[in-house]
Amino acid sequence: EACGVARHGEENVVWCRVGDVCFYAVGSGEYDELALSEVLQALVSSVRAMVKHKGLTEAAVFEHYGMVCLALDEIVSDGVVEATDWDTIRRGIKLKMSGD
């Protein structure tokens, strides 16, 4: 796992490469490097939990793309960081899926 932080103009950029997948989070204002890192860690741990038996590969992420999007929606809602632990994220995903 390789992670990094950069700044592009007024934007903070945090990235994390896990296996053959690279995750990025970009934000400004109150979303500094620490907040973005927390979002990325929540996303990476959620995706790992979703694809645990297959390993974190690009193909596994695409196979679970809908769930990844739901997890991201639980982590960040309307631009506000809402959930960062897998149990809360998982419960939110289940609620959204049962609402269909």
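Strand β1 (residues 2–8) and strand β2 (residues 11–18) run antiparallel and are joined by 7 bridges; two strands pair if DSSP finds at least two bridges between them. Strands (E, at least two residues) and helices (H or I, at least four) are DSSP runs, numbered from the N terminus. This is a predicted model, in which local features need pLDDT of at least 70 and side-chain atom pairs count only at pLDDT 80 or more, while totals for chains, interfaces and linings use all residues. Residues are numbered from 1 along each chain as its sequence is written, and side-chain values use heavy atoms, with hydrogens and water left out.

β1 and β2 form a hairpin with 2 residues between them. Gly-9, in the turn, has a positive phi of about 65°. Within the pair of strands, Cys-3 stands opposite Cys-16 in β2.

A further strand continues the sheet. β2 is joined to β3 by 7 bridges, and these two strands also run antiparallel. One of the bridge pairs is formed by Asn-12 and Gly-27, the latter in β3. Together, 3 strands form an open sheet in the order β1-β2-β3, with antiparallel pairing. β1 and β3 (21–27) stand at the edges with a single partner strand each, so one side of each is left without a neighbour in the sheet. On average, neighbouring strands of this sheet are turned by 15° against each other, direction ignored.

Helix α1 (residues 33–50) packs on the sheet and touches β1, β2 and β3, where contact means heavy atoms within 4.5 Å. The direction of α1 makes about 30° with that of β2. Axes are lines fitted to C-alpha atoms, for helices over the stretch in contact, and angles run from 0 to 180 degrees between N-to-C directions.

The cysteines come next. The structure holds 1 disulfide, a disulfide being a pair of cysteine sulfur atoms within 2.5 Å. The disulfide is formed by Cys-3 and Cys-16, whose sulfur atoms are 2.4 Å apart. This pair links distant parts of the chain, with Cys-3 in strand β1 and Cys-16 in strand β2, 13 residues apart. Cys-16 counts as buried because its relative accessibility is 1%; buried means under 20% relative accessible area, exposed over 50%, and partly exposed in between (1.4 Å probe, protein chains only). Cys-22 is in no disulfide, and its nearest cysteine sulfur, that of Cys-16, is 7.7 Å away. At 27% relative accessibility, Cys-22 counts as partly exposed. Cys-69 is likewise in no disulfide; the nearest cysteine sulfur, that of Cys-22, is 17 Å away.

Helix α4 (residues 86–98) meets two other helices. The axes of α1 and α4 come within 10 Å and cross at roughly 65°. Ala, Val, Leu, Ile, Met, Phe, Trp, Tyr, Cys and Pro count as nonpolar, Asp, Glu, Lys and Arg as charged, and the others, Gly among them, as polar.

The axes of helix α3 (residues 65–75) and α4 come within 9 Å and cross at roughly 115°. This crossing is right-handed. The residues that meet include Met-67 and Leu-70 in α3 and Ile-89 and Gly-92 in α4. The contact of α3 with α4 has 7 nonpolar, 2 polar and 3 charged residues.

How values were computed. A crossing is left-handed if the near helix is turned anticlockwise from the far one by less than a right angle, and right-handed if clockwise.
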